[in-house]
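Subject: Structure handover

Hello,

Here is the structure I promised to pass on.

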Amino acid sequence: MDFLAHGKRWNCNRRRCFQHSPVSETFEKIPKERHLSLCPCKSKKSYQDCCLPFHQNKALPKTAEALMRSRYSAFFFRLVDYLIETTHPDNRSQNLKRELEGTIHHTDWKFLTIVSVSKGQKDENRGKVEFIADYYWDGEVQQLHEHSRFRRYKGKWKYYDNKG
Ligand SMILES: [Zn+2]
């Protein structure tokens, strides 16, 4: 997902501005009760049976769609380090961490709809996922419709870009 473009039209006058508040929320900050609640990626599974093991680095997503869902959940929980780790090194800019930290606190993710999936299966190295994500940007309703491309890097699925 590429939400960083939003940051460019953002003027900070908010209390939650990354320059004025702690950044990089870590996995440990997620309350344990949330492990039992439904996963933010709308899989209808509990978080602990869905994206949690990926966020804990205890398992790897086997498909591009699974990685995409886990990245959506990571945006939901503001897990910046996971988002960086799952971005393909070819497109992992040096400013990525700072850019994510500058935008991630402005978004509240509401809903994920997977529109279509092309390839990206267990025995493949590339895949595409089309999705619609609904969110609030500083309280304003927004919708992101993206065609994400994914590639394997050293055996692991990574988000490549949004030019699918
Ligand atoms: Zn999930």
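My notes below go from the overall layout to the strands, the core and one glycine.

**Overall layout**

Please keep in mind that this is a predicted model. The protein has five helices and four strands. Along the sequence the order is α-α-α-α-α-β-β-β-β. Of its 164 residues, 30% are buried.

**The strands**

Start with β2, residues 126-137, and β3, residues 140-153. The two pair in the antiparallel sense, over 12 bridges. To find your place, look for Phe 131, whose bridge partner in β3 is Glu 146. Two residues separate β2 from β3, and the two strands form a hairpin. In that turn, Asp 138 has a positive phi of about 50°.

Next comes β4, residues 156-161. β3 and β4 run antiparallel and are joined by five bridges. Here Arg 151 stands opposite Lys 158 in β4. β3 and β4 also form a hairpin, with two residues between them. Lys 154 sits in this turn and has a positive phi of about 50°.

**The core**

In soluble globular proteins, nonpolar side chains tend to be buried together. In this model the largest nonpolar core has 31 residues. Which of them touch the most other members? They are Cys 51, Leu 67, Met 68, Tyr 72, Leu 83 and Phe 150. At least two core residues come from each of α2 (52-55), α3 (64-77), α4 (80-85), β2 and β4. α3 gives the most, with nine residues.

Phe 150 deserves a click. Leaving aside neighbours within four places in sequence, its contacts include Ala 64, Leu 67 and Met 68. Phe 150 is also in contact with Val 129, Trp 157 and Tyr 159, among others.

**One glycine**

Gly 120 lies in the loop between β1 (107-119) and β2. Is Gly 120 buried or exposed? It counts as buried, because 25 C-beta neighbours lie inside 10 Å and the cut-off is 20 or more. Gly 120 and Thr 63 are 57 residues apart in sequence. In space, their C-alpha atoms are 5.5 Å apart. Beyond its neighbours within four places in sequence, Gly 120 is in contact with residues including Thr 63, Ala 64, Glu 65 and Arg 126. Phe 150 is one of its contacts too, which leads back to the core residue described above.

Best wishes

Definitions and conventions: Residues are numbered from 1 along each chain as its sequence is written. This is a predicted model: local features need pLDDT of at least 70, side-chain atom pairs count only at pLDDT 80 or more; totals for chains, interfaces and linings use all residues. Two strands pair if DSSP finds at least two bridges between them. A residue is buried if 20 or more other C-beta atoms lie within 10 Å of its own, exposed if 12 or fewer, and partly exposed in between; C-beta atoms are placed from the backbone. Two residues are in contact if their C-beta atoms, placed from the backbone, lie within 7 Å. A nonpolar core is a set of buried Ala, Val, Leu, Ile, Met, Phe, Trp, Tyr and Cys residues joined through C-beta atoms within 7 Å.
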